[in-house]
Structures are given as structure tokens and as C-alpha cells.
Amino acid sequence: MADKIITYPTALQINDATTSNFSANENFVVLDCVDRLLEQGYPADCIELEKRWKLGHTGKSGKADVCVHDRAGDMYLIIECKTWGNEYRYYDAQLEKDGGQLFSYWQQETKTRWLCLYTAGIEKNTPVYEGRVINVSLPEYKTASTVSERYHVWHERLHAASLDATAIYGEGVEAYKIDEQPFTKQELREFTPESKGEFILNFEEILRHNSISDKENAFNRLVALFICKIVDELTKSDKDILDFQVRYSDTYELLMDRLQLLYKEGMSQFLEEDIYYLDLNYPHDFAAQYRGKDRHRLIQDLQNTIRRLKFFSNGDFSFKDVHNDRLFRENGAILFEMVRLMQNWKMVYPSRHQILGDLFETLLSTGFKQDEGQFFTPTPITRFIWDSIPPSMLENGDGYPKIIDFACGAGHFLNEGVALLDELHPSENNDWCAKKVYGVEKDDRLARVSKVSMLMNGVLASHIINGDGLAEHPDVKDGTYDIVVSNPPYSVTGFKQYLPSQIRNRLSLAQNIRDTGKEIEVLFIQRAEELLRPDGVCMLILPTSLLSNTDTVSVETRKFLLSRFRLHAIVNLGNKTFQDTGTPTSIFFMRKRHSPPKQHETAWDTVDQAFTGGPDVWEGQTEFKHYLEYRNISSDAIRAVLEGKEGWWLEADELIPRELHDSDQKNRVRDEIIAEQRNAFYYYLLCRDTKVVFVQAPSVVKEQEAFLGYKWSSSRSNKGLSELGENSVLDGYEFRAPVGTVAYLIRKSFQPDFTGEGLTLPKYTKVLELMDMVDLSSGDLVLNGEEPIRVNWKHSTVTLGEMCPTAPIGFTPSRRNTRFFVGTNQWASIKDIKNAIQKRRAYLGRTSETISDEAVEGKAGKALPKDTLVMSFKLTIGACAFTSADETYTNEAIIGLNPSGPLYDRLENPDEAKNLDKNYLYCLIASKALPLVPTGTKKIGKTLNKKTLYNTEIPYPDEKTRISIVSQCLNTDRSWKKSVADVRRIIVTELAGAAEYERVTKLMKEQHII
């Protein structure tokens, strides 16, 4: 030590003393390397230091730090040593770039079998070593003769076959047997984020340099290899030697034989499919069975075997079509590369492994062509859907809910559900899945993918059925599932032509679909209802068009959905949710209605009682009275229709959509009205008292990415879905359903007393009354998530009900009594208001019809005093004028507005304030500065229900501002000083700001209000 000299065994050949002293840190790495070689059993006389060659035509020389010769004197191993850390990383990068020094040395010693870049150091007081080991004796190098050609073969074809330094120095590795000692299960490495990207790049590189353009076939072959790898890991103990590896002595046939046996075991164990396997020893074993006169039986058995080989072999590991010996060798070389790519990595974990799952997802998205109507659900969406279920609903008698995805694709929903349940109920081996987790998938390739995906996520026992999700299966029992979750196929043109008759006859919604139709998704809604137990949870991704399309299929599907399920939330997704489709889709969160009794049947009983029992019955029926009030339908009108006496139409004009001419037409219209009202009352009973979370994703791409929490990347090293790494609008990133996310709000919506009040609503989200979403005024039952446009007023507001608490609604006397319409009492209709507007008058003047004193008996509260502001809230919404006569009556489509009540009682001059506010209201309503959005579109017409009307918010600035607005807009005779459009601009800009005026104007145009 004092001389700082390193003394090596005398038998070891040292060409110069450069590395035999303490002058450079690299010398200690050489010492460590030689010491380890000697410990492994390499003879000292076969080790050479500082061997020198002339490199290329430049005359420059190069020296290898350590060389190892075999007993015949040929070069076996060349080692280049570098110091720990930056120097090693630099030369490793050079090796990656062009082969570096090692490939130049190999060019001089062409019989070399192994190259190694080596480093050693001290970490935390412990000796450590690292290195990269390359086998340069493989047959792929035979056609390469220069440094660049050899480097090209390694980098593009055999890069994945590189080993680490344990291949030389590992425990149990004998001298001269690098990579000959097969590795065991305990030596497998876990995936890291870096290794995931490297794996994908190497996989794609193997495909590229082997000219494999059919990526879908390559992915299918890769799935077969995953099955082999998984079954190998599952059936081996930690110290067992794995079969899934390329061994030093392997031929293509030997490796293929081991893989075929593993595949047979895996397909039988996991998918209950029999794979025909023929052992390599078959000829010998086959012939040994026969003696003497058994020749005929031998021929029969041999014919049967040949038949199986001819017809039952699909080339499960054929990355290329193999039909001759040359192609077999080419495919064998590819198979070697693929197995080397996979063999060192651990694929089976006791629970979900996120990086491995992401790897498989990326391979799936790039290698599997998604057919018509078939789109894989991104993991953040599946996580959001599961996170939206209250944990209390994820329990059953034994702690786990029974789950099914009847179009499970690649198993995304099932894996995510298991991961969530593992967090709630930790399990060592997920054995509970054997009785609780079911998936059905029609595509046999995807069924295998789904099973492999679940195995890679720690689910060893589950039911993945290769079959039609719409069909009945012996292992799938109707009415027993707690949760149905799926992204079923949709928009598959002409599917019905190939739908088995058993399914057509069983699923009633199929009757609405034409043979050339494509609405396959609606059948999955009905199938979900069959599978669920009462109160079971259903979460489906469906086309958004299902909410509003008015074709027969969509209408009947909405009827089925509303009658069989209780709706909790609808999330309308944007066009960046899925990678391969821009079709608008929505997530429906529902629960199957409670039974017995079946609510969709008992509701009809209530309808029948109301419509057939006569006035004495329905007048005492609270539900029907509330229905009529909600729809603003007078009891006189509905009584006239139901009784159907002569002249019924005279009393029911509010329900009649058009002028009637003859008795046949009157009868048809009466039948239509009764059918419409029965239908509307039925869905009123089912939809009332229900709050729905409604979410509309933004359309701007950046906003969508923040909404979703991910984006799609086309980067070669990180292709596919890329999570943003932070909470999204939908869900949390590190924690499930944090407060303020959509998932948290939907969880709350499953509570029986949910109202949405007191909760912070996430962006793009609102809580609506289901009754306000469903259009009862037509038979289409359109589900509309658009709320009345809300202006962000700068000032405080009061409701219309607070400003005009006694606002009376008019009536129509019975037209069967002709005396009622011969009198002197003014009786206004919408026609009269329209006439005033057309003549640019603020006052009604004389009404087109008058009614008698007899007609107004008992209607004292309906008489409107002179100068009352009247407004229409049916058919034509928001038309208004002032009454001219001392007393004016109106029909039931008009409301009278006279400011009064507590709002004014405390004022010093209440009458002046009331008059001011009457004019102020007129300016707001007549100019449409106050958006009034009705419901209804078809036969009954548009309407504002009383609740919505009374809750309308009125901006209420100080008196000075209100006076200013009125003076800018109205002359003393209440005629307009400016155009109506200018009046609207003045009011909204003054009370809400210019930007808000622009926003509201845009929305009103979109909704055809202006």
C-alpha cells in the first residue's frame, strides 16, 4: 500500500502498468473487476490487462482494460471499466450512440463472444457494481462486418437482449457460462416509469426493423406471450427457474415448445379454452404405443393428429405468416427478440401495479384497432365513474358488491372497480373476485386481453366470458348484480340483422329499431335493467344524442329509462375524452327502481285511477292536483276533456292545439289530449322530487384537458394518454372524490335527501330538478340540461314572487254557456297583447272578447285593476302590456303583475315606488333583458310553470338607478324611446356590465329567445 502499487497474480498477463497503480480512480474499478472475475472462477492465466490494437486506418491505438480468453486462447469477453457515476453514464451514452470503444475492440477480435461496460463504487459504505453485458455471438451478427453494421444490428434488433453485470458476476454464475444459467422468478425486476417508456420503444423498434406493419396482429401475439409469462410466474416459486426466457442452448423449436405448453396451460386455466399442444417427443412416444398388428390404429391416430395440426393451429406466436422454413426462422428470430424484451420483467403482482397497467394500456391503444362502435374507456374516466359511488353502496352482506361489465373490452372498468374495493376492503389475493366480478366480451381477442389485464392487476380469479353481452349465460344470473358498469358499443349499422331471435324477442326495445338501424346501445340499457337487483347501481356511457333525439328509438328508450331507473347524474363529455372518436357521449348514473311493488306499474295504477274515476276521485287525489298545478292546467279544462260532453272543447281551449272543425276531428283531438295527459302524469309521478347533477364539459381543448385531468400525447416515448398530475374538475388525482369535484357531488346525489343546497358546485356543473329537465308537454320526453339563462347581475335581486306576491292567473269561462261571452267585462287573451305590441302601444285598449257578470261570479280575485301589467306565460312567453279598463279579466295563459306586499310596506312613498317598479318590470320583460326560458315544444306548447315564474330573479338596484333606466327607455305614455334591442342593451349593460351583456345575448340567440 505504501508504494501505491497494485499487485496482480503472476499468471495474469499485464501489457503495461497503466492500471497497476493508484494514479487513477479507474484503476480501482479494474481491480474490482479482476477480483470478481477470479472469485467467479476465471483462471488468472486467461485474464489479460491493457491489450492494445490499432484501430481503423488512422493508426491510433486502443487498449481494453480487461480481456478474458477461453482455454483455446480465443477472445471470450472484453471489459471496459469506468469510474462510478458521471464517467460511466457518459460512456454508456456513447455505447448507445455508436457502439463506443467496445464495438471498436470487437472489430479487432471478431471471435469475441461478450462485451461488457463495467463500473464499481461505494454507496452507503457498501461496495456496489453495475454494467451492461452484450452477447455478440448471436447469429443475427453474421451478416455484419463493420463496426457500424454490428452496432446497427445490436441497437435496432438486439438492444432488448442486453444483460446487466449480474450475468457475469451474479451469485451462482459459473465462469464461462454467462447467460447459460437460467434465471429464477426471484430475479425478476419491477417496472419503473423509465422502463415503461423503454419497453414500448423497444417493442416498436422490433416491429420496425423486422418490417412488421400489422400492429394488430403483433399485439395479439404479444397478448399470447403475456399469457405465457403470467402463467409461468404464477406456477413457479421464487427459486424456480422460469420457462419464459431465452436460454443459451435454445433453438427456435425448443423455445416455441415451452411457450406452447405455457399457452395451453394459461388458456385452460384462465379462459377455459382448450389449445391443442404437441410435445416435441411426440413421434417417439407415439410409435412406442403400437406393436405388431396395431398398424391400422396407428394410421388412424396419426391421421387424427395431422388433422388437428392442419386445421386447429392458428400460429399463436406468428408475428409473420409462416408457411416455409425460411419464414419460420425469421419468425423465430422475432420471437427470440420479443421474449428477451419481456423475460426480465415481473408481470404478476398481488394488487394493482399502476406502471404495468399504463404500459399495457399504451400497447393496447397503439396496437388494437377499435372496430365500429367500440372505444376503450380511458383509465381516469373509469376511475371517476367508480369514485362517484358512495363507499357505503360498495358493500354487500359479505363486504363486496357483485359487479358486471357486459361489454368489458380490455377490462378497464373491472380493474378499476377491484382497485377501489381493495382500498376499502384490503385483500391479500383478491380471491373474493371469483364470486363477485364478471365480464362479458363478444370479441374473443378482447376477452383474452381483459383476462390478461386483470391478471396483471393482481386479479387471479374472475369470470371473463367470451360471448354476447346481450345474451343470457348460465353463469350470469339476472336480478343478482349490485352494480352494472360499462361502455357498451354504439352506432353499429345493421347489427339487428345478425341479432339472434332469442335476444330480439326478449328485449322489447329491439322492436323499435329498424333492420338497418344502428342503435345497439339501447338494448344494453334494457339488459342492465335485467341484470340489476332492485336499487342496484347502473353506470353507462351512452351517446349524448339519446337525451334529445326525437326519433322513435330515442323516445321509447327515454321512456324505458325514466320508468325503470332513478336518475342521479348525467355528465356530458367533450370530444377529447376518447382518443379515436369525437362522437359526443354522456355518462348516466342511475339506480334501478325499488321493487316490489314495481314502481313503473303502480304509477300506471295511479294514472288509471285519476283518469277513469271521475272528478270526485281525482279532485281528492293529491298527486293529480299537484300535477295540474305544476302544468298550469285548470281543473275546469281537464274535467271538460275527461267528461267529453257536447261542447267540451269550449271549456278546454287551453289544451287544444288547433281550431276544430268537425266532430271526428274533435274526437281525435280529445283522444290525443287524454293520451298526452295520461303519459305526462305518469312521468310526472316517476320524476317528481328528484334532483339530478348535470355536467356539461367545456368545448375548448385546454379547458377539456383540465376538466378531464389528462390529454392525448403523440410523443414516441410517451404515446397515448398522459395524466396532468393534478386534480381535475371530475375527480381527484392523489385522493378519490375530494370536496369540490364532480365525483364528490355525484356521491352526495345518491343520498335520499339530496338537494344540492349548501354544496360547492364544481365548474360546468349544476343541480336540476328532473321535472325541469323532462319536457312533459310533448310525448318525446326530451331531457334538457339547459337551465334558464342566469344573468350575473351586479346588484342585489328580489324574486318576482316577492315583488308581486298576489299575482293572479286568469281563467276561461265555459264556452258551452253562450251567455258567458255576451257582456261588458273586458276579457284579455294573448291575441289582445299581441295586437297592442303590433300597434306599438303599451296599453291593451278594448279586448276582442268580453264576458258577462254571470261568467265572473266567484272570480272577484281574478279582476285586474286599471294599469295592471299583464304578461303571457304560455305559448307566447313574455308578451306584456297594461290594462286600460277599470277591471280586466284574462284567460289562464296570462298573469297580472302589480307590485305590492312587504317589499314596499316600509317605504315612505310606497305608491310611487310601486308605479316605478311596474314600469321597471315592463322594461325588463318586454325588452327581454330578463330571459324567460320556457319548457315544452310540441302539441301543448311552451309554458312557464308557476314555481319557475315566481322564483325568477329580478335585479333590484337603488331607486335612482331604476328611475334612470325607466327614463332612458320609456316616454311618459310608455312608448319606447329606443328600439327594443337597444333597450335590452342599455338595461343589461347598466345592471350587469358589457361583457355579461355579450355573453347573455349569445346564449339567448343560441336558445332562440331573441
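The legends below describe close-up views of a predicted model. Local features require pLDDT of at least 70 and side-chain atom pairs count only at pLDDT 80 or more, whereas totals for chains, interfaces and linings use all residues. Residues are numbered from 1 along each chain as its sequence is written, and side-chain values use heavy atoms, with hydrogens and water left out.

**Figure 1. A salt bridge joins D515 and R504.** A salt bridge is defined as a side-chain nitrogen of Lys or Arg within 4 Å of a carboxyl oxygen of Asp or Glu, and the whole structure contains 42 of them. In this pair the N to O distance is 3.9 Å. R504 belongs to helix α17 and D515 to the loop between α17 (501–506) and α18 (521–531), so the contact ties together parts 11 residues apart in sequence. Helices (H or I, at least four residues) and strands (E, at least two) are DSSP runs, numbered from the N terminus. D515 is partly exposed at 41% relative accessibility, and R504 is partly exposed at 27%. Buried denotes under 20% relative accessible area, exposed over 50%, and partly exposed in between (1.4 Å probe, protein chains only).

**Figure 2. E769 and K691 form a salt bridge.** The closest N and O atoms of E769 and K691 are 3.5 Å apart. This pair links distant parts of the chain, with E769 in strand β18 (residues 765–769) and K691 in strand β15 (residues 691–696), 78 residues apart. K691 is partly exposed, at 23% relative accessibility.

**Figure 3. R999 and E996 pair within helix α36.** Their closest N and O atoms are 2.6 Å apart. Because R999 and E996 are three residues apart in helix α36 (residues 994–1006), about one helical turn separates them. R999 is partly exposed at 33% relative accessibility, while E996 is buried at 10%.

**Figure 4. A network of salt bridges links D16, E50, R52 and K63.** The view shows the side chains of these four residues.

**Figure 5. D911, E912, D958 and E959 gather in a negatively charged surface patch.** Patch residues have over 30% relative accessible area and no salt bridge; like charges are joined within 9 Å, and nonpolar side chains (Val, Leu, Ile, Met, Phe, Trp, Tyr) within 5 Å. D911 is located in helix α32 (residues 910–926) and is exposed at 59% relative accessibility.

Figure 6. A disulfide is taken as a pair of cysteine sulfur atoms within 2.5 Å, and zero are found in the whole structure. C116 is buried, with 0% relative accessibility.

**Figure 7. Cis peptide bonds join S595 to P596 and P596 to P597.** Omega is about -10 degrees between S595 and P596 and about -5 degrees between P596 and P597.

**Figure 8. K124 and S491 have positive phi angles.** K124 is not a glycine, yet its phi is about 55 degrees. K124 occupies the loop between β5 (114–123) and β6 (126–135) and is exposed, with a relative accessible area of 80%. S491, also not a glycine, has a phi of about 55 degrees. S491 is found in the loop between β11 (481–486) and α17 and is partly exposed at 30%.

Note on methods: Areas by Shrake-Rupley, 256 points an atom, 1.4 Å probe, with all protein chains shown as cover. Lys, Arg positive; Asp, Glu negative; His and termini not counted. Charge placed at Lys NZ, Arg CZ, Asp CG, Glu CD.
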